[in-house]
Amino acid sequence: MPERIKIGYVGLGRYLPENILTNARLEQIVDTSDEWIVQRTGIRTRRIMGPGESLESMAVAAAKSAIENAGIDARRISVVRIGVNTHMRFPSLSSLVQEALGIPDASAADISAGCSSFIFSVEEIFNRLNFEWMAFGKKSYGLAVGTEGMSIVTDYSDRSTCVLFGDGAGAAVIGPVASGEILATYTRTQGKYAGLLELDKFMHVPLTDQREMRFQRLEVTNYPYLRMEGPKVFAVAVRTMVSDVRMVIERYNRANGQQLTEADIDYVYPHQANLRIVRAVGEALKLTPDKVYSDGVKNYGNTSAASIPIGYIDNLGKHRGNTEVDVAFGAGFASGAILRKVAE
Ligand code: UT7
């Protein structure tokens, strides 16, 4: 069996739509105020897809930028995973992006694990690239994307949710690295909470008569809207993210005979759902605010699966040699964390 190799991020990219939805504009749409939004969420602006922008165009733009940043030929990518919850059609977004990028014969599939979908995507790619190396001695590359069009599923008459979400995409090319490796990943899903945050009844049941097996032809597709019991989600979110950070450190220690602790963490990227959640996670981990990423929630709102990779670009080149953790939480309730080094 070959020696283990280091696998990490070799290139990063993102795409943010040009349209900016401000709190002042939301004040004209629903009964809300800039003061309430900033106090309760920390959000000031979000980006919203306009004509000519789509999940596919955002994912392709973010991926192209990551591939360019990695300096590799896209044809060397053997696995594509796109974390996305708002691509409500087939074929998969991954297959469309694969084709647009000119990647032949990769294993390409979407992952729907709420706002943690990017973490789940990275975990799958990391495990697969490790397997390809250990089993076949093959060094290959993977592409992880988090992209979301939350504006598609947001009810802009519901003030309790419409102020929260935005659109965007972030991407990472993953492959062999000299430094800056992924140390461990951890994911889980707590299905018992699934009803607190959902987008259901997308398609009305078309079977109208079960005895006769009659199907109703739907002329108009009614998009449902996201529904969330915010305060209940809030409480589970903080608890879960803090515990997932501890779990990923413990997994790394157990697998490698190490004794890493929370005090060794230089920086955390928590899912950017709400500034209060981000701060609570930082406080529970005894990290000062400068060690916890929060610009994403202020500037782009909650971009679901895209929020963590969008954040990486804000700190590009600033954190050399850091030990960092990404941690996310969302519908499902699916959650997870990545423990990684930043390249020297
Ligand atoms: O990414 C997936 C994970 N999602 C999350 O983690 C989101 C978690 N939840 C949250 O971030 C927060 O619960 C929210 C931001 C959604 C809500 O904040 P909150 O402090 O929990 O407020 P609340 O829902 O308890 O509402 C407090 C009050 C209510 O009024 P009354 O009943 O006290 O009179 C709401 O009707 O604020 C009212 N309210 C608003 N007022 C002005 C709710 N939304 C708004 C609004 N503008 N946009």
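Predicted model: local features only at pLDDT ≥ 70, side-chain atom pairs only at ≥ 80, totals over all residues.

Tutor: Residues are numbered from 1 along each chain as its sequence is written, and side-chain values use heavy atoms, with hydrogens and water left out.

Student: Where do the bounds of domain 1 and domain 2 lie?

Tutor: Domain 1 covers 7-178 and domain 2 covers 184-341; such bounds come from an automatic or database domain assignment. Their centres, taken over C-alpha atoms, are 13 Å apart.

Student: How many residues of domain 1 are in contact with domain 2?

Tutor: Contact requires heavy atoms within 4.5 Å; 46 residues of domain 1 meet 46 residues of domain 2 on that basis.

Student: What is the area buried between domain 1 and domain 2?

Tutor: It is about 3700 Å², with carbon and sulfur atoms giving 66%. The term denotes accessible area (1.4 Å probe) that two parts lose on being put together, summed over both. Arg-14, Cys-115 and Ile-119 supply 19% of what domain 1 buries against domain 2, more than any other three residues.

Student: Why is the pair of Asp-314 and Arg-14 called a salt bridge?

Tutor: The term requires a side-chain nitrogen of Lys or Arg within 4 Å of a carboxyl oxygen of Asp or Glu. The closest N and O atoms of Asp-314 and Arg-14 are 3.1 Å apart, so the pair qualifies. The count between domain 1 and domain 2 is 1 salt bridge.
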